[in-house]
Amino acid sequence: GKFNVHGVEKDKIIKGKLTIAQGKATLETAFDVLLADHKIEIPTLVFQKIAEKIAVSTKFVFMPMDKKQ
């Protein structure tokens, strides 16, 4: 799919784990984002060390919609 950060769009395939239990579907993923790939510059006057690669993890829980609403 398309992954957009800081206005820079990249094609990205992200593997995940899909679990279905108790009427819910849960999708979990983990992937890295390189700041340079999205033209994000680390300021030279930053006092703390900032990683050039950011670890991203997600968890989505899908449930049936309550039809009463």
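**A close look at one strand position**

Modeller: Let's start at V56, which lies in strand β5. Strands here are DSSP runs of E with at least two residues, helices are runs of H or I with at least four residues, and both are numbered from the N terminus. Please keep in mind that this is a predicted model: local features need pLDDT of at least 70, side-chain atom pairs count only at pLDDT 80 or more, and totals for chains, interfaces and linings use all residues. Residues are numbered from 1 along each chain as its sequence is written, and side-chain values use heavy atoms, with hydrogens and water left out.

How open is V56 to its surroundings? Its relative accessibility is 24%, so V56 counts as partly exposed; buried means under 20% relative accessible area, exposed means over 50%, and partly exposed is in between, with a 1.4 Å probe and protein chains only. Across from V56 in β5 stands F31. If we set aside the neighbours within four places in sequence, V56 is in contact (heavy atoms within 4.5 Å) with T29, A30, F31 and V33. For a sense of distance, take I40: it is 16 residues from V56 along the chain, and their C-alpha atoms are separated by 16 Å.

Strand β4, residues 24-34, pairs with β5 in the antiparallel sense over 10 bridges; two strands pair if DSSP finds at least two bridges between them. As background, strands of a sheet pair through backbone hydrogen bonds, either parallel or antiparallel. Together, 3 strands form an open sheet in the order β3-β4-β5, with antiparallel pairing. The edges belong to β3 (16-21) and β5 (53-62): each has a single partner strand, so one side of each is left without a neighbour in the sheet. From one strand to the next, the twist averages 10°; axes are lines fitted to C-alpha atoms, for helices over the stretch in contact, and angles run from 0 to 180 degrees between N-to-C directions.

The pairing of β4 and β5 is joined by a side-chain link. The side chains of K53 and D32 meet in a salt bridge at 3.8 Å, N to O, where a salt bridge is a side-chain nitrogen of Lys or Arg within 4 Å of a carboxyl oxygen of Asp or Glu. K53 lies in strand β5 and D32 in strand β4, so the pair ties together parts that are 21 residues apart in sequence. Both partners are partly exposed, K53 at 47% relative accessibility and D32 with a relative accessible area of 38%. In general, side chains of opposite charge can pair when their charged atoms come close. A search of the whole structure finds 2 salt bridges; one of them joins the side chains of K2 and D11 at 2.6 Å, N to O. K2, at 58% relative accessibility, counts as exposed, and so does D11, at 62%.

Strand β4 also holds T26, which is buried with a relative accessible area of 16%. Beyond its neighbours within four places in sequence, T26 is in contact with K17, L18, T19, K59, F60 and V61. V5, by comparison, is 21 residues from T26 in sequence and 24 Å away, C-alpha to C-alpha.

The loops deserve a glance too. Most residues other than glycine have a negative phi, and most peptide bonds are trans. Q22, in the loop between β3 and β4, has a positive phi of about 50° although it is not a glycine, and it is exposed, with a relative accessible area of 80%. K39, in the loop between β4 and β5, has a positive phi near 55° and is exposed at 66%.

Finally, the whole protein. It has 0 helices and 5 strands, following the pattern β-β-β-β-β along the sequence. Its radius of gyration is 17 Å, whereas a compact globule of 69 residues would have one near 11 Å; the radius is taken over C-alpha atoms, and the globule rule is 2.2 Å times the number of residues to the power 0.38. Along the principal axes, the C-alpha atoms fill a box of roughly 55 × 25 × 25 Å. Of the 69 residues, 13% count as buried.
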